[in-house]
Amino acid sequence: MMELEALQAVWPQLRALGASLIAISPQLGQYGRAARRRAKLEFDVLTDVHLRVAEAFGLAFTLPPDLKQLYAAFGNTLDKFHDEPDFRLPMPARYVVGQDGRIRAADVNPDYTSRPEPEDTVAVVRQLQTPGSKATRSKATS
Amino acid sequence: MSLQRELDAFKAAFESGGPPYNVSRERIEIMHRATEELRRSGLAERALKVGDLAPTFELDNQDGQLVRSVDLLAEGPLVITFFRGHW
């Protein structure tokens, strides 16, 4: 949630640059709605039922049994929040996708306490949206 | 405060075992082991990276409205954050 709140802080900047911002989580709609309200998020929180999109990005993993038990002891019943009996989760990840559909920035980390700054993401978007730089970038990658 | 500093402060408080989280050493060890296993699995290195084509998707938002990645990309660049849940 800390990351979502930090992204909310730069959401006006992203929007001013013409970019969209979305959060994707396996949690069911009603939980996403509650989380969004509590953290005062203005961007959409999408429900990735059974982690189909997380899988497509290569982010889905299954919790080890001892951690599964631990979460259950904390009262985190993922099968209820996610309708996900296998207790799978997405690795924390932030992507910037260009209008051509290519990934322009990717930050994936197994440790959810290690995340990139939102300002770094704004900088990537700004560079994409600066006239001239897009052509240079796509030339470099073609 | 930067996001990473905020996360560092949370981690230090959580792993101290003290209030407000009051987590036992044993539980912290389980969490560390799980993160380490995930790191060793190499999954992060195999995930999509810069230069790859992003998969297109259609998902419901919090109000049950369908959001299509192609519609968002027609407007401009798209920032996506994947998170496990609010819990």
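Q: At what angle do helix α1 and helix α6 of chain A pack?
A: About 20°. Their axes lie 9 Å apart. Helix α1 covers residues 2–16 and helix α6 covers residues 118–129 of chain A. Axes here are lines fitted to C-alpha atoms, for helices over the stretch in contact, and angles run from 0 to 180 degrees between N-to-C directions.

Q: What kind of model is this, and how are things numbered?
A: The model is predicted: local features need pLDDT of at least 70, side-chain atom pairs count only at pLDDT 80 or more, and totals for chains, interfaces and linings use all residues, while side-chain values use heavy atoms, with hydrogens and water left out. Residues are numbered from 1 along each chain as its sequence is written, and chains are lettered from A and ligands numbered from 1 in the order in which they are written.

Q: Back to the pair. Are α1(A) and α6(A) roughly parallel or roughly antiparallel?
A: Roughly parallel. Angles under 35 degrees count as roughly parallel, over 145 as roughly antiparallel, 65 to 115 as roughly perpendicular, and the rest as oblique.

Q: Which residues of α1(A) make the contact?
A: A6(A), L7(A), V10(A), Q13(A) and L14(A). The α6(A) side includes V122(A) and V125(A). Contact means heavy atoms within 4.5 Å.

Q: How do α1(A) and α1(B) cross?
A: At roughly 160°, with axes that come within 10 Å. That makes α1(A) roughly antiparallel to α1(B). This crossing is right-handed. M2(A), E3(A) and A6(A) in α1(A) meet L3(B), E6(B), L7(B) and F10(B) in α1(B).

Q: How many helices and strands are in chain A?
A: Seven helices and six strands. Helices (H or I, at least four residues) and strands (E, at least two) are DSSP runs, numbered from the N terminus.

Q: What percentage of chain A counts as buried?
A: 53% of its 142 residues. Buried means under 20% relative accessible area, exposed over 50%, and partly exposed in between (1.4 Å probe, protein chains only).

Q: Now strands. How do β1 and β2 of chain A run?
A: Parallel, joined by four bridges. Two strands pair if DSSP finds at least two bridges between them. A23(A) has V45(A) in β2(A) as its bridge partner. From β1(A) the chain crosses through helix α2 (residues 29–38) to β2(A), in a right-handed β-α-β crossover. Right-handed means that, with the strands pointing away from the viewer, the path from the first strand over the helix to the second runs clockwise.

Q: Is L51(A) buried or exposed?
A: Buried, because its relative accessibility is 0%.

Q: And N22(B), buried or exposed?
A: Exposed, because its relative accessibility is 52%. N22(B) has a positive phi too, near 50°. Its place is the loop between α1 and α2 of chain B.

Q: Where is the cis peptide bond?
A: Between P19(B) and P20(B), with omega about 5°. P20(B) is in the loop between α1 (3–15) and α2 (25–41) of chain B.

Q: Last one. What does T35(B) contact beyond its sequence neighbours?
A: P110(A) and D111(A), leaving aside neighbours within four places in sequence. T35(B) belongs to helix α2 of chain B.

How values were computed:
A crossing is left-handed if the near helix is turned anticlockwise from the far one by less than a right angle, and right-handed if clockwise.
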